[in-house]
Amino acid sequence: MRSLVSLWFPDFPVERFIRARIKTGRKPPTKGLPFALVESGKSGLRLIAVNATARSFGLMRGMRLADARAQLPELLTEPHEPEEDMNSLLGLCRWMERYSPWVAPDPPDGILLDVTGVPHLFGGEQRMMAEMRSRLAQYGFSVRIGQGATLGAAWALAHYSSVDLLELPVEALRLPPTMVETLMRLGLERIGDLIPLPRD
């Protein structure tokens with residue numbers, strides 16, 4: 001059976017930015033203070049990524065900067081650098097080749113690997129996953145790891161905390177937002193709710 005792994009870096013843009021600042025000898029955002037990366041949009045600047053402190057104040061991706069500043073005047077911001085994010089993600093992919101002969105980016109904040117037949121080289125699946133998590137943390141990246149027989153299952157388990165795929169929300173199927181809204185209106189909230197239904 002194939003063994004596929006999805007790595008999801010929930011704070012990738014912020015952690016990548018901090019790592020880049022440290023590597024180039026520039027001062028990173030002060031730890032513990034609310035911080036966000038921003039990007040221009042049709043209605044002005046919007047938050048693209050926020051750190052844990054900003055999230056604790058209710059700020060989230062997609063908010064208008066003006067609204068965020070009204071809610072939290074002390075919010076620190078820097079411009080988002082999407083090209084640097086992608087370069088860093090590709091660099092991590094090359095680094096992850098030590099664990100798999102097949103590694104692919106899953107933009108904007110993930111990596112996919114086929115580890116079929118590999119875990120025994122690292123002392124088993126659990127030890128291999130623990131090593132991945134530990135070494136990525138040393139580089140300044142927090143990661144959530146999902147493993148399954150398909151890429152979809154691995155992705156869903158990385159993004160949603162559950163060991164039972166049927167208990168995951170329908171969003172874990174990576175459906176278009178409009179389809180998710182329709183399913184929710186019909187009372188179909190979990191993947192398990194869809195199984196008994198006719199395929200059509």
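Q: What makes the pair Asp-106 and Trp-155 a polar contact?
A: Their side chains are joined at 3.4 Å. A polar contact is a pair of N or O atoms within 3.5 Å, where within protein one must be able to donate a hydrogen and the other to accept it, and residues adjacent in sequence count only if both atoms are side-chain atoms. So 3.4 Å qualifies. This is a predicted model: local features need pLDDT of at least 70, side-chain atom pairs count only at pLDDT 80 or more, and totals for chains, interfaces and linings use all residues. Residues are numbered from 1 along each chain as its sequence is written, and side-chain values use heavy atoms, with hydrogens and water left out.

Q: Why is Asp-106 said to have no salt bridge?
A: The nearest side chain of opposite charge, Arg-174, is 4.7 Å away. A salt bridge needs a side-chain nitrogen of Lys or Arg within 4 Å of a carboxyl oxygen of Asp or Glu.

Q: Which residues does Asp-106 touch?
A: Leu-89, Ile-111, Leu-112 and Trp-155, not counting residues up to four places away in sequence. Contact means heavy atoms within 4.5 Å.

Q: Why is helix α6 called mostly covered?
A: In α6 (residues 151-159), 7 of its 9 residues are buried. Trp-155 is one of them.

Q: What do the buried residues of α6 pack against?
A: They pack against β1 (4-8), β5 and β7 (144-148). Asp-106 is found in β5 (residues 102-106). Helices (H or I, at least four residues) and strands (E, at least two) are DSSP runs, numbered from the N terminus.

Note on methods:
Buried means under 20% relative accessible area, exposed over 50%, partly exposed in between (1.4 Å probe, protein chains only). Lys and Arg count as positive and Asp and Glu as negative; His and the chain ends are not counted.
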